[in-house]
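Keep the structure in view as you work through them.

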Amino acid sequence: MTPAFVALICVASVLVGAPSATLAQQPILPPLHTLGHQIVDADGRPVRLASVNWYGFDQKEHVAGGLDHALLPAIIGQIKAIGANSVRLPWANETVERDPVVPDYAVKANPRLRGKHALQVMDIVIAALSRANILIILDNHMSRADWCCSETDGNGLWYNAEYPENKWLADWETIVRRYQHEPWVIGADLRNELRNGAQWGGSDPGLDWHAAAERGGNIVLGANPNLLVMVEGPQYSTDFTGFAKLPVVLKVPHRLVYSPHAYAPTEQQFQDYDALRQAYDARAGYLLHTAPAVPLWVGEFGSCQTLDCRGNSQWFRWFIQYLGENNLSWSYWPLNGTQSSGQGRKYDAVETYGLLTPDYQHIAAPKIVELLRTIETPPRRR
């Protein structure tokens, strides 16, 4: 690392240390573990993960978005300004296995990152987040780096022909060991939005995500037993109906978190809050009242920046209410102010769901951030 880049990181420490409106005021001492339906820190204090998704290491540029527009310290400063205490950091198996040199245009605002490989940039991003006391959840988002998600993108299961299960497991072990000495890396989201016929159990081992999740979770904990293991569900992580009867069992206790996703429904609108509550209780919320007790972390939810897209405004407000009433941890999709390259995407186009402006210097969705701040924190003890 050059002296100039060390100086740059020092600027980050000053910037992110500035006071900001936070969603999670209490100090957090990693590593984290679970206690009943709660996530707690090393001192046993309840922690609500108030996260943002910062995509890019899973995309065709193989690098976190926004480094072409703003200095890394400035982006981290905006994460702090939003009030998040954690980042869900998506990555692709292709990024880990190929580890390509990132394109100059994707890091043009950070010239010291030019010529570096993707994982070298990830090291620098994670180190900067850690210095800002921002927790990191590593998320295996895709096999082949691209935009997610559809039934035809070839990434709907935890493996495909190019990236079979043995590579998925090996890549998890590689990335966990790479950051095993970084205490602010606290979680592993095993696989994003299972689809393409993925099932919870069943007789087909090629579709049985429950069994694969146990294999993946144990690989992660074998490399770092201090991590939380986040497990999503089938049907784009909206179906957890089988989890109570067939729970995940890992070799290390108090590390399991279930991670449903939620977006405004397109096929029908909820008539009132009670209808929304009943629907989400049936999908996953019922797990807050079952044994074995496992916390929930909503790994993705989001809306267009101004909340004026059809049906989103009322749904989003009700869903915020649902998160607060159930003391749920959450992760907003996404932080990014611009798109990366990918299927159906245009590089540098405005990310209409993004929390940040296209220059990554300001909050582009103040209404959303204001609503996120209404979620009770710290969580109540059950």
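**Pocket and strands**

Q: How many nonpolar, polar and charged residues are in the lining of the largest pocket?
A: This is a predicted model. Sort the lining of its largest pocket by class. The counts are 10 nonpolar, 9 polar and 7 charged residues.

Q: What volume does the largest pocket have?
A: A probe the size of a water molecule, rolled over the atoms, shows where empty space is left. For the largest pocket, the volume comes to about 660 Å³.

Q: Which residues that line the largest pocket are the closest to its centre?
A: Start from the lining, which holds 26 residues. Helix 7 (234-237) and strand 10 (261-262) each give two or more residues to it. The closest to the centre are Glu193, Ala262, Tyr263, Ala264 and Tyr353.

Q: Is strand 7 mostly covered or mostly open?
A: Strand 7 spans residues 185-189. Buried means under 20% relative accessible area.

Q: Which residue in strand 8 stands opposite Ala188?
A: Strand 7 also pairs with strand 8 (residues 228-231), in the parallel sense, over 3 bridges. From strand 7 the chain crosses through helix 6 (residues 209-223) to strand 8, in a right-handed β-α-β crossover. Opposite Ala188 stands Val229.

How values were computed
Residues are numbered from 1 along each chain as its sequence is written. This is a predicted model: local features need pLDDT of at least 70, side-chain atom pairs count only at pLDDT 80 or more; totals for chains, interfaces and linings use all residues. Side-chain values use heavy atoms; hydrogens and water are left out. Buried means under 20% relative accessible area, exposed over 50%, partly exposed in between (1.4 Å probe, protein chains only). Helices (H or I, at least four residues) and strands (E, at least two) are DSSP runs, numbered from the N terminus. Two strands pair if DSSP finds at least two bridges between them. A crossover is right-handed if, with the strands pointing away from the viewer, the path from the first strand over the helix to the second runs clockwise. On a 1 Å grid over the protein atoms alone, a cavity is a set of points where a 1.4 Å probe fits but cannot get out, and a pocket is an open set with protein on both sides within 12 Å along at least five of seven lines; lining residues have an atom within 4 Å of a point. Grid points are joined across faces, edges and corners, and a volume is the space filled by probe spheres set on the points. Ala, Val, Leu, Ile, Met, Phe, Trp, Tyr, Cys and Pro count as nonpolar, Asp, Glu, Lys and Arg as charged, and the others, Gly among them, as polar.
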